[in-house]
Amino acid sequence: MNTIKTIFILSALLLFSIFVACKTENKTNSNSTPTTVSHEEMEMESKIDRASQEGLKGNTDTAEGRHAQHESLRDNFAHQDIIILENPFQLEKNTKNDLQEVVKAYLLLKDAFVNGDLKKIDDASAEMEQRVAAVGTSILQEYGLAAWDQHSKLYCEKLKELRHIKGLEEKRSYFSHISEVIYCTIKSFDLKDGLELYATFCPMALDGKGAYWISEDKEIRNPYYGDKMLKCGKIEETL
């Protein structure tokens, strides 16, 4: 009798242990799903926060796609230290007009290189330098001011050096640097409004190193070769 009672008690204890183990496992499983979801949500919130901090706006996927486009193009630039804002700095009208005048002056400089006219190149570079100096900066703040401060110094430095150098090919080397800066200015301050602009690349420019320029026309007119290879180039990005 005692043996039967002992077996009964042991069986009851075993069943109780199994019951407790199952309850514990179920509880663990029931808690694991919310924990995983919460982690994913936290990751998503973190990405959105980072996107906001880095200046991406609107739909995150679309913004990241646009950013990846100009980043992949700029990855090929000869000069990697030029500031480019991921979220364009919002300008008031007068300052935006001033910066668009800088872009127009650049386009005149580009045309002078297409024509290979040294006097027009020097005149256009002086005009562009004046347009840069005329940009009102009172509205610029923080990262917008930092970007334009760097860009304007690069413009003035390279435009002066361009005029100082005598040879056409040497001047074209400086033009390629200025072209990379103007790309970053257009992207950083959203200057494409009212302008059709294209980032174009010639793989043979500068002794095969390749170089970019900005054009207001889809028609290829190469500023690095002029009449020698006027049609050499490819549009890499519509700005």
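## Helix lengths

For α5, with 23 residues, the first-to-last C-alpha distance is 33 Å, close to the expected 33 Å. Helices are DSSP runs (H or I, at least four residues) and strands are E runs of at least two, numbered from the N terminus.

A note on the basis: this is a predicted model, where local features need pLDDT of at least 70 and side-chain atom pairs count only at pLDDT 80 or more, while totals for chains, interfaces and linings use all residues. Residues are numbered from 1 along each chain as its sequence is written, and side-chain values use heavy atoms, with hydrogens and water left out.

## How α5 and α6 pack

The axes of α5 (residues 142-164) and α6 (residues 168-189) come within 10 Å and cross at roughly 160°. Axes are lines fitted to C-alpha atoms, for helices over the stretch in contact, with angles from 0 to 180 degrees between N-to-C directions. The two helices are therefore roughly antiparallel (the label for angles over 145 degrees). The crossing of α5 and α6 is left-handed, meaning the near helix is turned anticlockwise from the far one by less than a right angle.

Contact (heavy atoms within 4.5 Å) involves Trp148, His151 and Tyr155 among others in α5, and residues including Tyr174, Phe175 and Ile178 in α6. By class, that contact has 13 nonpolar, 5 polar and 4 charged residues. Nonpolar covers Ala, Val, Leu, Ile, Met, Phe, Trp, Tyr, Cys and Pro; charged covers Asp, Glu, Lys and Arg; the others, Gly among them, are polar.

## What is buried

α6 is mostly covered, with 17 of its 22 residues buried (under 20% relative accessible area, 1.4 Å probe, protein chains only). Ser176 lies in α6 and is buried at 8%. Leaving out residues up to four places away in sequence, Ser176 touches Leu206, Ala211 and Tyr224. Just after α6, Asp190 takes a positive phi of about 50°.

Over in α5, the buried residues include Gly144, Ser152 and Lys158. Their cover includes α3 (93-115), α4 (118-133) and α6.

## The whole chain

The protein chain has 7 helices and 3 strands, running α-α-α-α-α-α-β-α-β-β from the N terminus. Of its 239 residues, 37% are buried.

Definitions and conventions. Angles under 35 degrees count as roughly parallel, over 145 as roughly antiparallel, 65 to 115 as roughly perpendicular and the rest as oblique. Buried means under 20% relative accessible area, exposed over 50%, partly exposed in between (1.4 Å probe, protein chains only). The expected span of a helix is 1.5 Å times one less than its number of residues.
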